[in-house]
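Good morning, everyone, and thank you for making time for this. Please have a look at the structure on the screen, and then we will go through a few of its side chains together.

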Amino acid sequence: MEVGGLPAELWQLILSYLRLPDLGRCSSVCRTWYELVLSLDKTRWRQLCLGCLEHRHPNWPNQPGVEPRSWREAFKQHYLSSKTWTKNTQDPESSNCLSLFRRRKGRRRLCVGAGGEFSSLRAALAAASPYDRLVLLPGVHEEQSEVLLKVPVEVVGQGKLGDVALLVSIDQHCPTARLCNVVFMPARFTSVVYKTTSGYVQFDNCNFESGQLQIHAPGTCQVKFCTFSQSSIYLRSVALCILENCEFTGSENASVTVEGCPSSDRNWACKHLAALAKSCAASVREPDPADCPMATLDGSGELLLGPVRTCEIVVGEERSSLLSAAGAQDLLGSAQEDSEFGENLQAAEEEYPVLDSDSSDSDLRSDDEEDAQAMYKLPCQGHSLSHTLADIMDSRLQSNRLHALQKDLKLKSLQQELQQDKEAQSLANSLQGCIIRQCLFRDGKGGIFIYSRGQAKLEESIFRDLTYAVRCIQNSKVIMLRNDIHHCKASGIFLRLSAGGLIADNNIHSNSEAGVDIRKGANPLVLCNKIHSGLRSGIVVVGNGKGIIRSNQIYGNKEAGIYILYNGNPAVSGNHIFQGLAAGIAVNENGRGQITGNVICENQWGGADIRHGGDPILRNNLISCGYSDGVVVGERGKGLIEGNAIYGNKGCGVWMTSSSLPHLINNQISHNSIYGVAVFCHKDDAGDYPHGQGGSENFQEEREGAGGENDPNREEEHPAARHPISVALVELNSINHNGAAGLHVKSSEALNVIANVIHANRDGGVAVLQSSQLTRVANNSISCNSRGGVLVEAECRVELRGNGIYENSSHGIVSKGEGIIMENDIIGNHRCGLQLLQAADMKVTKNRIQSFQDYGIALFDEAKGLVQENLIFQGRSKKSILRPVSNAEDCVIQNNMLLTFKKRCRMVSIVHLPALLCPFPP
């Protein structure tokens, strides 16, 4: 027969009436017929798939309204899996064909129930031969004692699911069995409805009500399209079993319990189950770049989270920016003002005394001012940080660096992670223990409980409205791929006591406690998840918990996105942590961790919050656009904070308390709304936590066992702990374009500020307002700030040594305190080079000082000290270079050298000043 004789549509109509065997024969005729049979996917194949009483919709119970990609392929998988139980053979030498023929030769159909051949299941089993089919007629079948299943049989309920109820307790002693289309209820004498300790059992399209299914190794099972109402499955040391398309509701304990290491004693069905699991496994999908987290509604229609922006990193052509659209708009005004400042360099108004206002220097600049300034201008290349200053002033270099940062911090997909991490790839492909796929767990106490070295793999399942979704303890291992976990009353996923595994590409949200809770030596891989909208933290690592937390999106949680405490020590990298209602990452109570390469932005509190002995390594992160400070180091906080871009936060770039001991090195701290770095005397305690920051967490068990001295691996795991610092250290940072002073110090403890570039901030460069201990400011470049370079208030102790203080809009240094000013370059500032006011007591030696239109050094009030061996260049002003008008009797000025420019021949005249003792005139 030629197919071309009729239209294809007519052939499709004819073929749609054929039964399954006839469709198979037609598809074998030729390629054209094969393609015709395939074209019936949404018609005849759909009818066959939905019309079979042994199956349900392929996407039941999670997405029954969504059609599968192919109805034919779904029907094929159903059919093949339903025949797994028949693949057992006691004679491995015989051929498969003969084995199948032998089984089917004597297969009978035995009816059980009213009107059937047997009145009870027990009687039918006594008369059954291997592989017979026992058909339970509609009604309730009850057995008064345990039923032993000694021969492999198939037990099928007739009619629709629910027409046949079986009140029974079955103990399987045969190699294989299958039960289908039956409602199981426990007998009066036990809650166990079915158990096996050696054979394979297969359940298709069954309901379990208030009972338990027990499988002990080397026994195994396959459960598909079943409903467990207030029922559970207990698996002990099972090598491999499959639970697929099942629904678990109303459990009083865990719905599925997995105990014990997968047995090496594997029964005959394991290889068939492994092949079936591989053929059914969904490939790891590539996330859609347009798949952004969006607002969701709860059951009452209430908006849980507003529209969420992704963590895009935007880099401008002329001006560096790491802001999202909203953050860029907020800082647009400040950017314009910075540009005007860079062009005009106009001096700001000051509260400090103004020198002779009748001098011509106080007039507006003349037309030839640029020529005059060029003549008197001194080079500042001699300072060791001058090359860094040049880089900061070059916006193209900054833009290139930020483009590189944008590329490095791009969120990776799970496919990329698995390609780079062989351990994660091995875990994702493993087939051991219990495999749970496309199941629904809801409205009960627990989902999956894995303990005592058990193993489970969970794929594309939904866990909702439970007390907890997954609990994995005691050296057990869980692999979770593409699951949805939400609205749990406690933590979504709980790991403790050296548990491990892989948690990847899951959607974990709206849980009452942490989305993922890692404790007591647990060490999982947490990759590429969305963890959001939680009522507490996104991820908690507590009590020596570890783990690798990488490439996750963590957003919209009410507490810290990641919360580390009590010697928790995870590796946190490549995550996007944003729009949290508290801190992005909080490290508290001796927590540690290596936090590298994350994007932490738009959080309500600090991007990173370190307190009470927290001692992390915070390296190469982008911390931007927060609604408070970028990094907070609170009471007794520690840690290495290195190489981060701390940008565009509405508070300070870095906020520290004086009792903290951080090492702040090589960070880019810029365009923050208040100070670049601020050090305060604030003494915080549990009551000072921002709302939801963790002061009320219950970690009593971890608190009691968190002594670091009892951990033998502490030093090896945290190299930074080998070299503790005794004084807080701010070193090699670039602190620029912040909304207030670059460095603001109001401290009761010592502080070292070494080799930083403090540039173009909207207030002074460095402001020391309180410092009862020594604040050491050495080898910094402090330039182009909107007010003075350095301000030292009364009763403050400072050491200013080796700094380059250039072209600030007011005085270079103003001091009312005591200490040392030595070997600094104080050049080109718009007001005095150095002012000593009130009761200042400073030793000023070996500085190079020049002011273009004001005094080099000016002393006022009761200022005292020693001013000697300084090299002072005359600026444009006609006034005296040195003006000692202090009333103090012990202000000594001696052995200073004055250099005067000769305008016509550009010669320098050197004048040696004799020793002066104030108040004598110069």
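Predicted model: local features only at pLDDT ≥ 70, side-chain atom pairs only at ≥ 80, totals over all residues.

Are phenylalanine 203 and phenylalanine 208 buried or exposed? Both phenylalanine 203 and phenylalanine 208 are buried, where buried means under 20% relative accessible area, exposed over 50%, and partly exposed in between, with a 1.4 Å probe and protein chains only. Residues are numbered from 1 along each chain as its sequence is written, and side-chain values use heavy atoms, with hydrogens and water left out.

Now to the aromatic rings. Searching the whole structure gives 15 aromatic pairs; rings of Phe, Tyr and Trp (its six-membered ring) pair if their centres lie within 6.5 Å, and planes under 30 degrees apart count as stacked, over 60 as edge-to-face and the rest as tilted. The ring centres of phenylalanine 203 and phenylalanine 208 are 5.3 Å apart with the planes at 75°, so this pair is edge-to-face. Tryptophan 655 and phenylalanine 680, by contrast, have ring centres 6.0 Å apart and planes at 25°, so they are stacked. Tryptophan 655 itself is buried, with a relative accessible area of 15%.

One aromatic cluster is formed by Phe184, Tyr194, Phe203, Phe208, Phe228, Phe248, Phe441 and Phe463.
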